[in-house]
Amino acid sequence: MIKKSLVFIGAFLFGFSDFYTYTIKMNYKEYSSGRVLDKDYTDFGDLIGIGYKFEKFEGRYSYFLKTEFAYGSSYYKGATWGGKPLSTKQEDVYIINFEGGLGLRYFNFILGYREWNRGKSNNPGDYNEKYYWPYFGIRYRYEFYFEKLAFLPEISYQNAISPKIKVELGNQPVLDLGETSGIKVEIPFVFRKDNLYFKVFYRYQYWHINRSDSGLLRINGKVYEIYEPESETINQYLGIGILWKF
């Protein structure tokens, strides 16, 4: 049992490349005084993504680089500016994420960048919003090995740096979002088949955004004071991939 487990561990002694695909179940809600104003959501299959991760181990130390891109559609439930209830489907939704980490084998300091293009529908007057921010944080991961299976759970805390939202309407104002932070939990299982390693994973990503500063929106000679309400996002990921050791 020990010898066979050591064979499996060989994939993680020096490093690996990980190619994977995934789908996201998104649940985004905006609040005011505890009341839900609107929400964007998806089911699994509406947002499909691809990703690549490179991780290298040097004795007690490690570093990694990761890039992800997901694209698809979402559903909006809320109201028009005039207060009329509205439910619609939004296209051209995407989420981009870049992340890198450096530190000990099980504990990394991380830097990353996140961008969410909210998308728009065909309803007259609809418009797109883009949320984006770099972030820093910490990641802790651990490794459990069995004969032909590895369990590699990890948890991260993320804090945004100067988060912003661009309103793609009128003069296209950019607002400074309030304090923004996130928590990510990932649960990957890796299976060994001969010299190949296959991965399945579940990920839980939470973001909380405080109310933004106010800004001015100019449309057809009229000026409106706008702001972004407090919001929270819960994104759940399901994915599969293949790993190459080196």
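Asparagine 235 touches Ile24, Lys25, Met26, Asn27, Ile95, Arg114, Arg203, Tyr204 and Gln205, where residues up to four places away in sequence are not counted and contact means heavy atoms within 4.5 Å. This is a predicted model, in which local features need pLDDT of at least 70 and side-chain atom pairs count only at pLDDT 80 or more, whereas totals for chains, interfaces and linings use all residues. Residues are numbered from 1 along each chain as its sequence is written, and side-chain values use heavy atoms, with hydrogens and water left out.

**Exercise 1.** Find the strand that holds asparagine 235, and decide whether this residue is buried or exposed.

*Solution.* Begin with the place in the chain: asparagine 235 belongs to strand β17, which covers residues 230–245. Strands (E, at least two residues) and helices (H or I, at least four) are DSSP runs, numbered from the N terminus. Next take the accessibility, for which buried means under 20% relative accessible area, exposed over 50%, and partly exposed in between, with a 1.4 Å probe and protein chains only. Asparagine 235 has 1% relative accessibility and therefore counts as buried.

**Exercise 2.** Describe the protein as a whole by its secondary structure, its box and its share of buried residues.

*Solution.* First, the secondary structure comes to one helix and 17 strands. Second, the C-alpha atoms fill a box of roughly 75 × 30 × 30 Å, taken along the principal axes. Third, of the 246 residues in the protein, 47% are buried.

**Exercise 3.** Count the aromatic pairs, and classify the pair of tyrosine 28 and tryptophan 116.

*Solution.* Rings of Phe, Tyr and Trp (its six-membered ring) pair if their centres lie within 6.5 Å; planes under 30 degrees apart count as stacked, over 60 as edge-to-face and the rest as tilted. By this rule there are 20 aromatic pairs. For tyrosine 28 and tryptophan 116, the ring centres are 4.8 Å apart and the planes stand at 65°, so this pair is edge-to-face. Because tyrosine 28 lies in strand β1 and tryptophan 116 in strand β6, the pair ties together parts that are 88 residues apart in sequence. Both tyrosine 28 and tryptophan 116 are buried. Elsewhere, ring pairs link Tyr106, Tyr142, Phe144, Phe151 and Phe189 into a cluster.

**Exercise 4.** Follow the strands β4, β5 and β6, and state how many bridges join each pair.

*Solution.* Two strands pair if DSSP finds at least two bridges between them. Start with β4 and β5, which run antiparallel and are joined by 18 bridges; here tyrosine 63 has leucine 102 in β5 as its bridge partner. The hairpin of β4 and β5 has five residues between the strands, and glycine 83 takes a positive phi near 95° in this hairpin. Continue with β5 and β6, which also run antiparallel and are joined by 10 bridges. Asparagine 97 stands opposite arginine 114 in β6, and a hairpin joins β5 to β6 through two residues.

**Exercise 5.** Compare serine 162 and asparagine 220 by phi and by accessibility.

*Solution.* Serine 162 has a positive phi of about 50° although it is not a glycine, and its place is the loop between β10 (154–160) and β11. With a relative accessible area of 46%, serine 162 is partly exposed. Asparagine 220, another residue other than glycine, has a positive phi near 50° and is found in the loop between β15 and β16 (222–226). At 78% relative accessibility, asparagine 220 counts as exposed.
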